[in-house]
Amino acid sequence: MDLLRSEPMQLVQLIIPVEAAYRTISYLGDLGLFQFKDLNAEKSPFQRTYATQIKRCGEMARKLCFFKEQMTKAGLSPSTRSMARADFNLDDLEVKLAEFEAELTEIKANNEKLQRAYSELVEYKLVLQKAGEFFYSAQNTAVAWQREVEAHHIGEGSIDSPLLLEQEILTDPSKQVKLGFVSGLVPREKSMAFERILFRATRGNVFLKQALVEDCVIDPVLGEKIEKNVFVIFFSGERVKNKILKICDAFGANRYPFMDDLGKQYQMITEVSRRLLELKTTVDAGLLHWSNLLQTIGHQFEQWNHLVKKEKSIYHTLNMLSIDVTKKCLVAEGWCPVFATNQIQNALKQATFDSNSQIGAIFQVLHTKESPPTYFRTNKFTLPFQEIVDAYGVAKYQEVNPGVYVIITFPFLFAVMFGDWGHGICLLLATLYFIVKEKKFSSQKLGDIMEMTFGGRYVIMMMALFSIYTGLIYNEFFSVPFELFRPSAYECPDPSCRGASIVGLIRVRPTYPFGVDPKWHGSRSELPFLNSLKMKMSILLGVAQMNLGIILSYFNATFFGNNLNIWYQFVPQMIFLNSLFGYLSLLIIVKWCMGSQADLYHVMIYMFLSPTDDLGENQLFVGQKMLQLVLLLLALVSIPWMLFPKPFLLKKQHQERHQGRSYALLHSIDDSPELERHRDSLGHVDFEFSEVFVHQLIHTIEFVLGAVSNTASYLRLWALSLAHSELSSVFYEKVLLLAWGFNNVVILTIGIIVFIFATVGVLLVMETLSAFLHALRLHWVEFQNKFYEGDGYKFYPFSFALLTDEDA
């Protein structure tokens, strides 16, 4: 099987002529089955052979990034239409990109200047209009007041009036005080602070008048739409004027000149309006040219971007190769699957032929003790399950892969906690939408949560299918039981027994064929019965999965030839686990088959406290007492069996190796893989017995205590299943049925809406996530720690198909 163990890998050396190196790497990138080793790890990126070419590709990537930013700003997206592939020359592309960048930069600079001038004229026109209203209103008020004063003085006929009037008329105009003013626009959010600072800085010796601008205006400096106010500040004196100008600059207020002459104001407004029309035409023409140029770039952007990323990755890979002393060949080393040997050799021959090289590339397999990378061939269905395993740790080379079993056990354990076929159908419909639309979603950039959900669509589908299955077993559809397969086997002859107990129920039909009988729901006996069923089922599933983990450790030990692990790890672990919890599982099954009322808690507790006492009414079969004594003895013996023999045997193997008892050839010495692992972990040849013994002691204690705690941990299957069922029942009875009882359409509608939101939000989202995480923990901790080391590393081949935006 492709997923059970890693594909056989081999370390390969390639000797490639320099003239064929580029095409060779390119063809291997298209193939995507060769992982290169960096033979120049001691060199910095700037000291490598192709550093110039990588810098050149980086510069082209920068230009493409600039183009993408401009397209985003213009609301355009690169064209995804499939086009016939054109053979671009990198030099020609570099020239073309430089020309487009220069043209775009020039257009951008011109547009920014024109847009700034246009925005300034718009603001200037607003100042002329709003400030003109200030002055026009003030002038009208002054004329009216003047006439009123004159009429008042003439009408009184006072003897002093002509003299005072004559005195006012004859006053020297040069002695009159003239006020200066500053006009402009200030951001509305700063207007209050602007007014306070002006008042404090000038000690109240200014008069500020503001008017709101109804629409947002584009700020000439920031280029953003901002709400602003038009202001006019009246002052007296140069010192006050200098303070006002500094405050305007500090608050980002744009100042514009203004004439107090109404005739000149009208002329300025007319002139500004004319210039605005001219600038608007020019700006629109520039934006149209800018948009057309970006559309031209967008038609080939993806093709250019892929080419630049491809070129950069090729030169980056070439930098990992070493040059021989003649500088005519490049030497590459890397890992590849054994099945890809012919494909790689054909790619080398094709690259040599296309490059017109007189010398062919050399392909040779190297023998090494280095651990190869792990490679599993997956598809879109098995990939998310494999990623669940890899998130814990990548399998060691040729180690048994839990991903094969996770495909079934993970969704099944999830469904044990989530069992409701109504909720399962909802999950299934949601994930079927992602599966049907997967081509559309795979080509789009999704958010983090949506991308995670879409990537695990087949995991969710399996979870939904198993949830429907377990929901049918539990006979729960949104917590409501149904008689799907046949009517219930029980009936209540007397109305007084309804909802009270099953004591009054009589059996009138054969046993319900599949799942829990509907009559068990809605009675007070439902809770203890389903509790007992789910709790015992959790123990059975946990013991079965832990046994599977120990069996897989046997497969690992057999494959790697580790006989010590077979006899002193696998055998005692199986004996210990099944002497206690395997026996408990047997008792559960026997009790179910016999319909006995035996107390299994009492049996297991007194198996340790009083193993020789009679079982009495808790005895399930003949010879049970003797069997318990034998199993208890085996469990006690298995602990020292795990602890003592293995360290002493490892010490014996080490002594035989170094005392010269055998003078066989080096390659014929058959060392225990366990001894090799201890030697590698110590980093030298010396064997420390104390360290090995302590290591074995830790493993023994961990397994003995873990067998108990892991079995108890599987009870989470029971707890979460019960919680899910009770929550679903609460939402159904306390929301939906309660609203139905009012016989009111409005209340019923509200109740249905609340029920839908509660079901989706709590049961289909939160409970799904909770059950998913608990199933994940059961696989990572309780299952995989029995056999899975997960200390390998992934096979990352050089492949153009794996290039991402971050690689540019």
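This is a predicted model: local features need pLDDT of at least 70, side-chain atom pairs count only at pLDDT 80 or more; totals for chains, interfaces and linings use all residues.
**View 1. Axes of helices α11 and α14.** Helix α11 spans residues 421-436 and helix α14 spans residues 457-474. Their axes come within 8 Å and cross at roughly 160°. Because angles over 145 degrees count as roughly antiparallel, α11 is roughly antiparallel to α14. The crossing of α11 past α14 is left-handed.

**View 2. Residues in the contact of α11 with α14.** From α11, the contact takes in W421, G424, I425, L427, L428, T431, F434 and I435. The α14 side consists of R457, Y458, I460, M461, A464, L465, S467, I468, G471 and L472. By class, 13 of the residues in this contact are nonpolar, four are polar and one is charged.

**View 3. Axes of helices α16 and α18.** Helix α16 covers residues 563-594, and helix α18 covers residues 624-643. The two axes come within 9 Å and cross at roughly 150°. This angle makes α16 roughly antiparallel to α18. Helix α16 passes α18 in a left-handed crossing.

**View 4. Residues in the contact of α16 with α18.** Helix α16 contributes W567, Y568, V571, P572, Q573, I575, F576, S579, L580, Y583 and L587. Helix α18 contributes Q624, L627, Q628, L631, L634, A635, S638, I639, W641 and M642. The contact of α16 with α18 holds 16 nonpolar and five polar residues, and no charged ones.

Technical notes
Residues are numbered from 1 along each chain as its sequence is written. Side-chain values use heavy atoms; hydrogens and water are left out. Axes are lines fitted to C-alpha atoms, for helices over the stretch in contact, and angles run from 0 to 180 degrees between N-to-C directions. Helices (H or I, at least four residues) and strands (E, at least two) are DSSP runs, numbered from the N terminus. Angles under 35 degrees count as roughly parallel, over 145 as roughly antiparallel, 65 to 115 as roughly perpendicular and the rest as oblique. A crossing is left-handed if the near helix is turned anticlockwise from the far one by less than a right angle, and right-handed if clockwise. Contact means heavy atoms within 4.5 Å. Ala, Val, Leu, Ile, Met, Phe, Trp, Tyr, Cys and Pro count as nonpolar, Asp, Glu, Lys and Arg as charged, and the others, Gly among them, as polar.
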